[in-house]
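Colleague: Hi! I'm new to this one, could you walk me through it?

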Amino acid sequence: MDDDCIIRTENLVKKFGEDVTAVDNVSFEIERGEVVGYLGPNGAGKTTTIKILTNLIEPTSGRACINGIDVNRYPKEALKDVGSLIGVPGVYGYLTPDEILTYFGKVYRMSKEKIERRIEDVLELVNLSDWRYSKIESFSTGMERRLAIGKSIFHEPSILILDEPVLGLDPEGIREIRELIKSFQKKDVTVFLSSHLLDEVSKVCDSVIFLYDGEMIERDSVERIDQIMKQYRVIEVEFLDNLTESDLQKVRKIPVIDEVTKINQNKIRIIKNEGNPASTAEILKKVIDEGLDVISYSPKKSDLEDFYVSLVGKKGDAR
Amino acid sequence: MKSIKEDILEDMKNTCLTVSFELKKHFRMKRMVISFALAIGLPLIFYIVPRIWASFPETAEEFANLNLSFVNLLIIISGSLFAGDAVVGEFEEKTGLLLFSTPQRHTTIFIGKYIGALLPTLTVVTIYYLTTSLEIIGIYGTEGISLEFFKSFFIALVYTSSAVSLIFFFSSILKRKITSTLLGFFSLMMILPIVSSVLQFLVEVEPWYILTYTEGLITGVFVGATPIGGGPGGQPGQFSPDFYQGITIMVVYTVVLFFLSVFISNRRRME
């Protein structure tokens, strides 16, 4: 196996009962020091994959390995150097941050001195120093979240698996976590980060894996996706009347249009496959020529979200 | 690569960590205080009330019999408090998302949780017996502490283990802490005793396999209701548990339910 491959899934499948396939044949590798975003809408299978990677559930078939060790067979060895935050965990309200972190420090076999030092550092980092000896039951959701993040980095792991880390945080908290993740990049920490907030991911990740309906639909570097998206132009068009299926077909037939998605009854999103401004004007002309009454026409800068939408659209068409 | 010995030692350390974590939980949630207060307070009632308003029973055995007839209640209350939420709490409160993703075998965590529930319950029973023994010594002198008293203590400890195993089992299969705690409490307090009574008095069959029936041995050793080694017997509707059979049943309940609970908890996942 490749020494640099830190996280690897091989044909991972997770079924719940006979009918629900939460993760469908997902395979990927993450190398040392990479910060990888795992993207998809709610219910795409992100958390399920992460739960398998942290031994909270077992896959129906396939394997999940960390540092080459099968997580579900040898969790003790595989998870030794992993810090994780999964979903919105409960945080033992009757204890204090000091007690919780001390317990987990012992689980990770940290020395007393290191536990003491890390409690100070981590609580400082997540802005909970003043609350070190307060019972967690008096904490707000954001504070609990920050403590859970603190727990995940407490033993200075070289691998971080984070599921929706900014969920429940205020804008300031989100910015702090973003900076924190960026600081890990510099320390060669491997980060696997799931989110449905595509904008957040684009700000911190080196590459992204797109998941849809349990299947991995694309993997690419954020830089390359940016390049691709420069080729695209997104235009949102609002019409006077509700659109029929034949109206949509007329728009789809216009050359240079790659994708048309209905936003609501009278609004569509157009993705064109090249960046020439002349074609933007040309599309507007053609739409009007088709007899559709346009009340607003807004070319937009495309982003990761548009890229994802176009991927999902292609996936839907393929089906 | 670790040797098997190192691996086992590490697992034991993890179990000890869970035990201390559980004990801290019980302490913080005031369960320890409540149980310990009951363990001292209940026997004191049997000392103070006769001292002020009546007189003590003639013999130490009678006093012990009267006093220890309430130890079962204490076992059920403490067992429910300490074991009721042991496993289910991690799933219901989602604290398991923090705990189970750490580098520990889940089995070591669940064993730790079991011990963390058993230890304080055993301690509570021990305190109850200690308080009672001090009262007996105070009233009847040291000769009041008979061999039967120690036998009763031993039975109470074994019964405690089986009661904790039963409640821990409910905790491993149910989805709500409150359901698990209440089911554990009412099973030992009402459901099993009712089944036992129905079998004894209506069907006229000795319910030797029912856990709460064997609990009768705790005080049964004092009044001679149980002919030790005599086997099940007596008139229909007047059964009394046999010492060895009762102990065996308690041990079977303890071991089987413990292993079953750990197995089920292990299979249970944070889904």
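This is a predicted model: local features need pLDDT of at least 70, side-chain atom pairs count only at pLDDT 80 or more; totals for chains, interfaces and linings use all residues.

Colleague: Good to know. How many residues of chain B are in contact with chain A?

Modeller: On the chain B side there are 31, and they touch 33 residues of chain A. The area buried between the two chains is about 3,100 Å², with carbon and sulfur atoms giving 61% of that. In chain B, Phe21(B), Leu98(B) and Pro103(B) lose the most area to chain A, together 24% of what that side buries.

Colleague: And how many salt bridges are found across the interface?

Modeller: Four. There is also a salt bridge between the side chains of Asp7(B) and Lys76(A), at 2.7 Å from N to O. Polar contacts across the interface come to twelve residue pairs.

Colleague: Which element gives the most to the side of chain B that touches chain A?

Modeller: That's α1(B), with eleven residues. Taken as a whole, that side of chain B has nine nonpolar, eight polar and 14 charged residues.

Colleague: Switching topic: what is the order of the strands in the open sheet of chain A?

Modeller: The four strands run β12-β13-β11-β14, with antiparallel pairing.

Colleague: Why do β12 and β14 of chain A each have one side without a neighbour in the sheet?

Modeller: Both stand at the edges with a single partner strand each, so one side of each is left open in the sheet. From one strand to the next, the twist averages 20°.

Colleague: Who partners β12(A)?

Modeller: Strand β13 of chain A, over six bridges. Within that pairing, Glu259(A) stands opposite Ile271(A).

Colleague: Which helix lies across β12 and β13 of chain A?

Modeller: Helix α9 of chain A, running at about 150° to β12(A). Helix α10 of chain A packs on the sheet too, touching β11, β12, β13 and β14.

Technical notes. Residues are numbered from 1 along each chain as its sequence is written. Chains are lettered from A and ligands numbered from 1 in the order in which they are written. Side-chain values use heavy atoms; hydrogens and water are left out. Contact means heavy atoms within 4.5 Å. Buried area is the accessible area (1.4 Å probe) that two parts lose on being put together, summed over both. A polar contact is a pair of N or O atoms within 3.5 Å; within protein, one must be able to donate a hydrogen and the other to accept it, and residues adjacent in sequence count only if both atoms are side-chain atoms. Helices (H or I, at least four residues) and strands (E, at least two) are DSSP runs, numbered from the N terminus. Ala, Val, Leu, Ile, Met, Phe, Trp, Tyr, Cys and Pro count as nonpolar, Asp, Glu, Lys and Arg as charged, and the others, Gly among them, as polar. Two strands pair if DSSP finds at least two bridges between them. Axes are lines fitted to C-alpha atoms, for helices over the stretch in contact, and angles run from 0 to 180 degrees between N-to-C directions.
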